[in-house]
Amino acid sequence: MSGLFSTRAWNKIWLYRGTFLLGLANTLKTAAIALIIALILGIIFGLMATSNKKVLKTISRIYVEVIQNTPVLLQMCFLYYALAFSGHSPGIIVTGFLALGIYTGAYMAEVIRAGIEAVPKGQFEAAQAQGFGYVQMMFYIIIPQSIKVILPPMTNTIVNMIKNTSCLYIVGGADLLSLTYSFVTGENTGGSYAPAYIVCGVIFFLICFPLSTIASTWENSLKKREQKAAINLEATEA
Amino acid sequence: MGTLKNSLSMLGNPAIINFVLYGVLFTLIISVVSVLFSVVIGTGLALMRNYCGKQKALLLKVLSVVYIEMFRNTPLLFWIFICVVFWPCPGFVDQAMFGLSSVNNKLMFKAAVALILYTSGVIAEIVRGGLNSVARGQIEAGYSQGFNMIQIMWYIVLPQTFKAIIPTLLSQVITTIKDSSFLANVAVIELMARTKQILSAANRYNGTNAINVSDVFVLFGMAAAIYFIINFTISITVRRLQIKKRTSNGILRSSNMQETYVLIQENMG
């Protein structure tokens with residue numbers, strides 16, 4: 001445990017705190033923009049997957065399957081090198097949020113599809129019978145009912161996305177983890193492995209833990225409500 | 001894209017194909033071994049978290065909660081970096097074998113440990129979901145038959161748990177196969193790293209003395225296709241199992257909510 005209890009190592013971390021703050025800023029920026037891209041893609045492909053048109057369904061299915069069944073690292077490398085060797089290198093962070101956005105978008109699409117499909121079919125029919133258009137039906141009837149099913153897994157997806165910002169390392173790295181790594185292996189800053197990794201890990205934990213805790217709490221209360229509803233249903237049927 | 005033919009000619013090079021196929025083999029071995037170890041550790045953690053609430057055993061519960069939450073909320077690459085520096089490596093690993101240099105073997109061992117530690121946290125939560133799905137009455141019935149806690153777990157609860165979570169565990173294999181690509185950050189062993197290495201030397205093999213965009217498309221396209229074929233096969237199997245399970249459980253009502261929970265668990269990876 002090199003330097004875990006050495007004041008010099010901890011002082012060095014404090015001296016170079018800018019590195020960690022920059023990494024944190026880059027990680028958050030990448031995650032935020034990737035989240036917006038992922039939400040847009042997720043909503044588009046999620047709605048396509050629940051539409052009646054077979055073509056749209058197939059396109060959405062292909063997107064989801066191809067993206068979910070290949071590693072995000074591969075997608076990021078592909079995007080980075082394809083752009084770099086064709087002479088349009090967009091920079092590490094842009095590559096990062098594009099690749100992460102596209103990858104996470106596939107998960108969002110699945111979450112949204114499952115959420116919409118969890119709404120009973122009668123709700124769609126009732127909305128149409130009342131003369132609602134597609135947008136109105138979704139906005140007033142379907143989304144409000146499915147949002148409680150969508151939110152917990154969506155939060156888990158966001159946590160995974162924040163963790164996946166560390167993939168940026170392979171294309172050059174500007175995120176928190178990559179900067180920590182270059183800090184501990186750097187010529188002038190190197191050596192203080194344990195303190196630096198503790199700082200990095202604690203930052204990740206502080207961001208991700210609240211989110212994943214909220215997600216599992218929601219999920220559990222939802223499950224309990226489901227069970228209660230099922231029991232009540234049985235009671236009324238009997 | 002005038003260089004596409006040159007790029008494709010690389011796929012006809014037996015040395016390159018051999019190099020890639022070994023990468024696929026390593027990807028599969030690392031993933032399967034990691035999942036097997038993780039299932040053992042994860043089951044232990046899940047049991048500790050679920051059933052060690054009483055005074056003396058409380059410490060075990062706290063430890064498992066800390067472990068699970070720690071590994072679930074930090075990136076895999078973080079643990080790979082840490083294990084590469086801190087994890088001790090037994091002597092027999094530190095030699096050239098499996099066609100890898102001793103340095104790469106050491107890195108593979110350490111990174112695989114990181115993968116196992118990380119995946120254990122995820123699998124612990126999957127197993128816990130399975131444990132919670134076993135009816136409470138089963139445990140009480142076990143006690144009434146004079147079984148002790150260990151016997152109840154081994155003969156009654158765990159068999160039902162694993163039967164329930166096999167689809168989710170299989171989709172965790174997909175996640176682990178994808179996660180094993182993170183090893184590419186520290187060593188050239190598995191498919192992802194090997195693809196990247198071929199690309200960096202593509203100018204020597206494609207006959208144009210330069211690395212072109214078409215090389216990127218051909219090489220990464222090939223790697224993506226390999227990953228896709230492996231993972232898609234598993235995910236089709238998972239879906240078959242889920243359908244089979246649902247019909248054999250005799251659940252006739254539309255189980256969309258249930259499907260959603262399965263999805264939630266799949267997304268945990």
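# Chains A and B: a working chat

User: How many helices and strands are there in chain B?
Analyst: Chain B has 11 helices and 0 strands; these are DSSP runs numbered from the N terminus, helices being H or I of at least four residues and strands E of at least two. This is a predicted model, in which local features need pLDDT of at least 70, side-chain atom pairs count only at pLDDT 80 or more, and totals for chains, interfaces and linings use all residues. Residues are numbered from 1 along each chain as its sequence is written, while chains are lettered from A and ligands numbered from 1 in the order in which they are written.

User: What does the C-alpha trace of chain B span along its principal axes?
Analyst: The trace spans about 75 × 50 × 30 Å.

User: How many residues of chain B are in contact with chain A?
Analyst: There are 41 residues of chain B in contact with 41 residues of chain A, a contact being two C-beta atoms, placed from the backbone, within 7 Å. On the side of chain B that touches chain A, helices 3, 4, 7, 8, 10 and 11 of chain B each supply at least two residues. Helix 10 of chain B gives the largest share, 11 residues.

User: And how do the residues on that side divide into nonpolar, polar and charged?
Analyst: They comprise 26 nonpolar, 10 polar and 5 charged residues. Here Ala, Val, Leu, Ile, Met, Phe, Trp, Tyr, Cys and Pro count as nonpolar, Asp, Glu, Lys and Arg as charged, and the others, Gly among them, as polar.

User: Turning to the largest nonpolar core, which residues touch the most other members?
Analyst: Of its 120 residues, A:L73, A:M76, A:C77, B:W79, B:I80, B:A111 and B:A114 do. Such a core is a set of buried Ala, Val, Leu, Ile, Met, Phe, Trp, Tyr and Cys residues joined through C-beta atoms within 7 Å. Helix 5 (residues 102-133) of chain B gives the most to this core, with 15 residues.

User: What does B:A114 touch?
Analyst: Leaving out residues up to four places away in sequence, B:A114 touches B:L76, B:W79, B:I80 and B:C83.

User: Is helix 5 of chain A mostly covered or uncovered?
Analyst: Mostly covered, with 22 of its 26 residues buried. A residue is buried if 20 or more other C-beta atoms, placed from the backbone, lie within 10 Å of its own, exposed if 12 or fewer, and partly exposed in between.

User: Where in chain A is confidence lowest?
Analyst: Helix 1 (residues 7-15) of chain A is lowest, at a mean of 75, and helix 3 (residues 54-68) of chain A is highest, at 92. Chain A averages a pLDDT of 86, pLDDT being the predictor's confidence in each residue, from 0 to 100.
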